[in-house]
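The paragraphs below go through a two-part model, from the whole chains down to single residues. Please keep the sequence and the coordinates at hand while reading.

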Amino acid sequence: MLAYIIKRILYAIPILIGVNLITFMLFFMVNTPDDMARAQLGAKQTTPAMIAAWKAEKGYDKPLFYNTEASGIQKVTDTLFVNESLKLFMFDFGLSDANRNIAEDIKARMGPSLAIALPTFLIALVTNISLALLLVLFRGSVLDMSAMIVAVMIMSVSGLFYIIAGQVLFSKLWHWVPISGYESGWAGVKFVLLPVAIGVFAGLGSGVRWYRSIFLEQINQDYVRTARAKGLSEIAVLFRHVLPNGMLPILTGVVVIIPSLFMGSLIMESFFGIPGLGSYTIDAINAQDFAIVKAMVFLGSVLYIVGLILTDISYTLFDPRVTL
Amino acid sequence: MQAWLAKWCMVLSLFTVLLHAAVWNAPYPVEEIRGNTLFSAFSSPPKHLDPVRSYNANEWMFLGQIYEPPLQYNYLKKPYALEPLTLTQMPQVIYLDDNESVVDVKSPAVKFTLYRFRFRDDLAYQNHPAFVKNPDGSLRYGNLTEKALKTIRSLNDFPKQGSRRVTAADYAYAVKRMAVRQYHSPILDTMMQYIVRLRDFSKRVTREAKRRFANGEPLDLRKFEVPGVKVVDDRTLEIRIYGKYPQFLYWMAMNFFAPIPWEADLFYQQKGLRQKNISLDTQPVGSGAYYLAENSPNRRIRLVRNPHFHLERYPGLTVQEANTSGVSKQLLRDSGKRLPFIDEAVYSLEKESIPLWNKFLQGYYDASGISSEAFNQAVQIGSGGSMGLSNMMKQKGIRMVSSVEPSIFYMAFNMADPVVGGYTEKQKKLRQAISIAQDQEEYISIFLNERGVPAQGPIPPGIFGYEEGKKGTNPVVYNWVRGKRVRKSLDVAKKLMAEAGYPGGISEKTGKRLKLYYDTTATGPDDRALMDWRRKQFAKLGIELVIRATDYNRFQEKVRKGKVQLFSWGWNADYPDPENFLFLLYGKNATVDTDGAGINSANYKNPAFDRLFQQMQTMSNSPERLAVIEKMLKIVREDAPWVWGFYPKSLALVHGWFHNVVPNAMANNTLKYKRIDPVQRYEKQQVWNRPVIWPLLMLAVTLLMLVWGVRAAYRRRQSRAIRKESV
């Protein structure tokens, strides 16, 4: 397995270089270093001297990919792309264009993002699987059909609606929880209750439908009939046999997103005033802060690759036939 | 069985009473709510809190409370008036000729102006680790080791904190910092034109900074002197500027000129601290009424009363001054009382308007603006267009505070453009016709909920040179009818179009319909209605308007290079002087001639206007100056380089427990004047936020029933299966 993991990590390097290259090209296609300087300086009258000083400080006065003024290998290495990319591969995110330490900011924002994303993920997983199993238990019944209609209805409504409706109902009208805000530790529980509940509810429709279809594929298999023939109750059949056998496709969809939970949710965090990572990238794009954009794209790519590797590893845990 | 039921009923009743007893949705701890704490919000995190760098209202709302420049605006007086803040009196102004001899203000021999500042002797900085010194005078925390840095996450982690008196040298130090290019002060290039030899100093110190920063060495500016800035003694500072520039004093009310202690500058230059986001850009060190106790820009900013704040009292006004300024008796109740009133201010980040508005209604914010979504809920517009609070707001004891901002939003013609620009009679008439056709009253009604005043020229209300009534009316666009401004009819505009060579919008030269291009950054779906409205205004004259929507960078580039015909822009006053608005039309500031650095984005150049501008620039407010301004306004109204859009009106709502709230667009240090009644606030919050229990009980009952129903269905199913199998 170790050899497999090392191989996958080595595969990741060209992927990350490619992602970084695309980020550079796309960003600088839209924003020139002069534009970035103007946005960062925020002055009413931005003079060429101010722009030049800012670019020099940030290293944006260097050519992007090829330095004609340098000699030898430095033509390629003494460029913005190589300088910035090398640092990224050492997980040195450096300072943002507004002079804040990006690694510190990410560290500070990850906690609040996880405070919402992790409980939402876990509760949603358990709830969706449980409800899906329940519907499989009552498959073909009025309950099953009604639940499927409700699931489609839940899926059809925008997540933003649930957020606003939830805030109006539970915070504004019934005064159960604060409408927005965040505290760390136990004091923060009342702030995360509503976003977590909304997150779980909003994902209920699609989650239950998907898991139900997975379990329905299993329910008519021979091994299920055998289990029933042994006299097992339906509950025992579902939890001891159907669930473990349905885990493989579930893992494919679930494990891959675990690392990206760190990245937070843009809309949820914005509406609930959660100081997480959700809006970090979008804010950086709006502020033309390239240092943050490249760091976050890189981090997102790394986490996605980690997610894929974890998925492969998790297969071996649930299916002994799979070896890496 | 009965006893069991009675017991459960009691438990349930007790539980219900307990649930009812407390407020659940409070976003702050009870002790904070009951304390003398102000709760407010900010919509975007401040990026720079370094006073020489920051030039943003979102940042100044914090910096203004922390730093103290020499002057401030009187909180209550209108028109805006400067007064000493850290000075014993207003600065002494001395005019000098080439030989350094004192000359009269009106003398043509004036070559320099000397400002002499005499500082108070009770000014002291907030507590800060940078002021803690070793017995030899060196900074105790000036050379932090890796080991020491490991235990430091914020300034509170330093075991010792200190303070010291503010001296004149600290004010000089701020000017020196401003000159260092690497600190990116947005006003350096402006100040170089005025402060004697600041340009040379900047070049020298920037070179030195480059060298030192490259070697990882700190830059101690005490060793350098700006020729135009002289520290006479601990309490006296002199700044010498070229020629006459009366507006210089307004700059002295801005944070750029607040004192910077050298200890803090050196302390924050330590790399280890910068890597922990601890810098002068994030942790200001000032002598103001408050200090920054917590800076979590993505969540919360907390200001706490500075224990070393000097003696300052709430201002008073004479009856006449109060009448002129529109100040009520209630606002004068605290006159003479020591400032500040509030102990702590907590600002939370609220990116969305809905949570902010609802928290305000719940009493968790002491004041709020009015978003367009909440406008109808908060404001009633009378038949005559007058604004008042809705009944719901009145019942809550909410007050409305409104004022016209010293700002202008306008649509500019690029005067360098061959079609809409130019200075011939025909070209003027085309612009005048378009100006008449743009129905600003309709725009303000549809898109601003009446929150604006149609502009008559570049100078907004509250600024010297703005005039009310017929005298202040733009005769090119409006008629004065029975004491009211009435926009000229479309017939007048059409006649002007014909005289301009475009009868019915058709060019006499080409026989084709006149097509104009409007550049905008309004690219979202919400902007469609606005763009349709714009097209409609031009269509009234038979002109086809082509909207060229683009991103902000390209838009700016087009404006800089003069590759636009029409575009909308705005300006907020830096200081309350007509020069700060009229220079937007001064020929030497034309954007195309200054590589984008000039602020005359319409590229308007009229020699007569420019001559009058130069004359007006150095005059003090007087009838003579007003006469010059009137001449200038007459010229620009005729030339019509802008469609004079509107002066925005700000509306704010404040709760009944929040006192001394006065709109003052120029003053940034207003927190110290405000007062709250925390007892009243707490009581109201308890009444307004009592939790509604019945839905919770219903939800619990529904869930239990569902579980019971599913369980019963499962059992039935199991028994049916067994029966089936047994059959």
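What follows treats the chains, their contact, and then selected elements and residues.

This is a predicted model, in which local features need pLDDT of at least 70, side-chain atom pairs count only at pLDDT 80 or more, and totals for chains, interfaces and linings use all residues. Residues are numbered from 1 along each chain as its sequence is written, while chains are lettered from A and ligands numbered from 1 in the order in which they are written.

Chain A has 14 helices and zero strands; helices (H or I, at least four residues) and strands (E, at least two) are DSSP runs, numbered from the N terminus. The C-alpha atoms of chain A fill a box of roughly 80 × 55 × 35 Å along the principal axes. Of the 324 residues in chain A, 36% are buried. A residue is buried if 20 or more other C-beta atoms lie within 10 Å of its own, exposed if 12 or fewer, and partly exposed in between, with C-beta atoms placed from the backbone. Among contacts in chain A with a separation of 6 or more, 67% join residues 24 or more positions apart; two residues are in contact if their C-beta atoms, placed from the backbone, lie within 7 Å.

Chain B contains 24 helices and 25 strands. Its C-alpha trace spans about 110 × 80 × 60 Å along the principal axes. In chain B, buried residues make up 39% of the 727 residues, and 72% of the contacts with a separation of 6 or more are between residues 24 or more positions apart.

Where do the two chains meet? The contact involves 46 residues of chain A and 42 residues of chain B. On the side of chain A that touches chain B, two or more residues each come from helix 2 (33-41), helix 3 (48-58), helix 6 (102-137), helix 8 (159-173) and helix 12 (266-272) of chain A. Helix 3 of chain A gives the largest share, six residues. By class, this side has 21 nonpolar, 15 polar and ten charged residues; Ala, Val, Leu, Ile, Met, Phe, Trp, Tyr, Cys and Pro count as nonpolar, Asp, Glu, Lys and Arg as charged, and the others, Gly among them, as polar.

Helix 2 of chain A is mostly covered, with seven of its nine residues buried. Among these are D34(A) and R38(A), together with M36(A) and L41(A). The buried residues of this helix pack against helix 3 and helix 14 (290-318) of chain A, and also against helix 19 (552-561) of chain B. After helix 2 of chain A comes G42(A), which has a positive phi near 60°.

Chain B holds an open sheet of five strands in the order 5-4-6-8-7, with antiparallel pairing; two strands pair if DSSP finds at least two bridges between them. Strand 5 (102-103) and strand 7 (229-233) of chain B are at the edges, each with a single partner strand, so one side of each has no neighbour in the sheet. Strand 4 (residues 92-96) and strand 6 (residues 112-118) of chain B are joined in the antiparallel sense over five bridges, and T113(B) in strand 6 is the bridge partner of Y95(B). Helix 5 (residues 168-179) of chain B packs on the sheet, touching strand 7 and strand 8 (236-242), and its direction makes about 170° with that of strand 7. Axes here are lines fitted to C-alpha atoms, for helices over the stretch in contact, and angles run from 0 to 180 degrees between N-to-C directions.

A nonpolar core is a set of buried Ala, Val, Leu, Ile, Met, Phe, Trp, Tyr and Cys residues joined through C-beta atoms within 7 Å. In the largest, of 153 residues, A174(B), A179(B), Y410(B), A433(B) and M632(B) touch the most other members. Helix 5 of chain B supplies the largest share of this core, eight residues. Apart from it lies another core of 30 residues, including L80(A) and F81(A).

Two loop residues of chain B complete the account. P406(B) lies between strand 15 (399-404) and strand 16 (407-413) of chain B and is buried, because 25 other C-beta atoms are within 10 Å. T594(B), in the loop between helix 20 (579-582) and helix 21 (607-617) of chain B, counts as partly exposed because it has 16 C-beta neighbours inside 10 Å.
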